Amino acid sequence: MPGWQDTSSKLSATALVREGDVFLFDCGEGTQLQLMRSSVKRSRIHSIFIGHLHGDHLYGIAGLLSTLHLDGRETPLNVFGPEGLQVFLNAAFRTSYLQFGFKLTLKELPRGFRGRVLDEEDFYVEALPLDHSIFCLGWRFQEKDKPGVFNLERAEELGIPRGPLYGRLQHGENITLSDGRIITPDMVLGGPRPGKSVVYCLDTQFSERSIRLADKCTTLIHETTFGPDAIDMARERKHSTMEDAARVAKEAGAQTLIATHFSTLYDGRQIAQIGDDAREVFEPITIARDLLEVEI
Ligand SMILES: [Zn+2]
Ligand SMILES: [Zn+2]
């Protein structure tokens, strides 16, 4: 599955690309400019997820939606976010006399919301409140498990005639052969192939909820605003240190951690050092930078 792109390590936006469809998590100021510099096609944006209403995660959405309208977009678009998002967007669109030529479905999620917001045939997206200074949702993009691989050799050994019977077994049905033998799917199918998952936790302080949301995920994207020198500031502002994020990744059993959303207190060299320290808690950690692309 997906590649993702951190379009800004401070003004947040992360694009998850799966089979050509783009899922955009947060939309900080400048997101549409960064999209133009990236390989991500804005015409393929399927849904936008806004985790919370702080400006560094939100202020780019009105401009991006306006550009999609000017592009002549006709494909419907979903936007998910906390209550209050509608008021913000309506003010922007009314003030600028914007009427969309495509269907924009805005789903506001009430304070405390948890559950699936999208549930499609082969993936779903669920939200869970994190622990930040305002209501903030974390997201889990989860591919559903795929059926096991059909073992052609085994099917031939069992004398199953080629054709529609193969398809029925692949769809989980038992079949009866002409000699009366019953063949069950597990006789010719490998075990289910687990789907991949990406979990997005911005902004939050260290929280058991992040651990729950990130349970055994393929990739955890977690905010790491501060280093070990600013633990008090992290607690006070309900942000995380990189070590907090590493603990979440470790306790959740995540396969990899992508660290992003760094305070402007730090330069690149300092962030690299903070990353090295956090690797004593969890590995591997990828330090995000603008326009970084990662294959998942
Ligand atoms: Zn933020
Ligand atoms: Zn915030």
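**Figure 1. Four residues hold the zinc ion (ligand 2) in this predicted model.** The donors are H52 (NE2), H54 (ND1), H132 (NE2) and D203 (OD). They coordinate the zinc ion (ligand 2) at 2.2 to 2.3 Å. Along the sequence, these donor residues follow the spacing H-x1-H-x77-H-x70-D. The 4 donor atoms subtend angles of 90 to 166 degrees at the zinc ion (ligand 2). H54 is partly exposed, at 27%.

**Figure 2. The zinc ion (ligand 1) is coordinated by D56, H57, D203 and H261.** The donor atoms are D56 (OD), H57 (NE2), D203 (OD) and H261 (NE2), at 2.1 to 2.2 Å. Their spacing along the chain reads D-H-x145-D-x57-H. Around the zinc ion (ligand 1), the 4 donor atoms subtend angles of 88 to 160 degrees, so this arrangement is irregular.

**Figure 3. D203 bridges the two zinc ions, ligand 1 and ligand 2.** How far apart do the zinc ion (ligand 1) and the zinc ion (ligand 2) lie? They are 3.6 Å apart. D203 sits in the loop between β12 (197-201) and α7 (208-213). H261 sits in the loop between β14 and α10. The pair therefore ties together parts that are 58 residues apart in sequence. D203 is buried, with 1% relative accessibility. H261 is buried too, at 1%.

**Figure 4. S263 lies in the loop between β14 (256-260) and α10 (268-278).** Is S263 buried or exposed? At 11% relative accessibility, S263 counts as buried. A polar atom of the S263 side chain lies 2.9 Å from the backbone nitrogen of L265. Leaving aside residues up to four places away in sequence, S263 touches T225 and F226.

**Figure 5. Y59 and F88 form a stacked aromatic pair.** A search of the whole structure finds 11 aromatic pairs. In the pair of Y59 and F88, the ring centres are 6.1 Å apart, with 15 degrees between the planes. Y59 is in the loop between α2 (55-58) and α3 (61-70), and F88 is in helix α4 (residues 85-95). The pair therefore joins parts that are 29 residues apart in sequence. F88 is partly exposed, at 27% relative accessibility.

**Figure 6. F150 and Y166 form a tilted aromatic pair.** The ring centres lie 4.8 Å apart, and the planes make an angle of 40 degrees. F150 belongs to the loop between β9 (137-143) and α5 (152-157). Y166 belongs to helix α6 (residues 164-170).

**Figure 7. Ring pairs link five residues into a cluster: F25, F49, F80, W139 and Y200.**

**Figure 8. The structure holds 0 disulfides.** C27 is in no disulfide. The cysteine sulfur nearest to C27 is that of C136, 15 Å away. C27 is buried, with 0% relative accessibility. C217 is in no disulfide either. For C217, the nearest cysteine sulfur is that of C201, at 8.1 Å. C217 counts as buried, at 0% relative accessibility.

Methods: Residues are numbered from 1 along each chain as its sequence is written. Chains are lettered from A and ligands numbered from 1 in the order in which they are written. This is a predicted model: local features need pLDDT of at least 70, side-chain atom pairs count only at pLDDT 80 or more; totals for chains, interfaces and linings use all residues. Side-chain values use heavy atoms; hydrogens and water are left out. Donors are N, O and S atoms within 2.8 Å of the metal (3.2 Å for Na, K and Ca); water is not among the atoms, so sites may look incomplete. Four donors count as tetrahedral if all angles lie between 85 and 135 degrees; four count as square planar and six as octahedral if opposite donors are over 155 degrees apart and all others between 65 and 115; anything else is irregular. Buried means under 20% relative accessible area, exposed over 50%, partly exposed in between (1.4 Å probe, protein chains only). Helices (H or I, at least four residues) and strands (E, at least two) are DSSP runs, numbered from the N terminus. A polar contact is a pair of N or O atoms within 3.5 Å; within protein, one must be able to donate a hydrogen and the other to accept it, and residues adjacent in sequence count only if both atoms are side-chain atoms. Contact means heavy atoms within 4.5 Å. A disulfide is a pair of cysteine sulfur atoms within 2.5 Å. Rings of Phe, Tyr and Trp (its six-membered ring) pair if their centres lie within 6.5 Å; planes under 30 degrees apart count as stacked, over 60 as edge-to-face and the rest as tilted.
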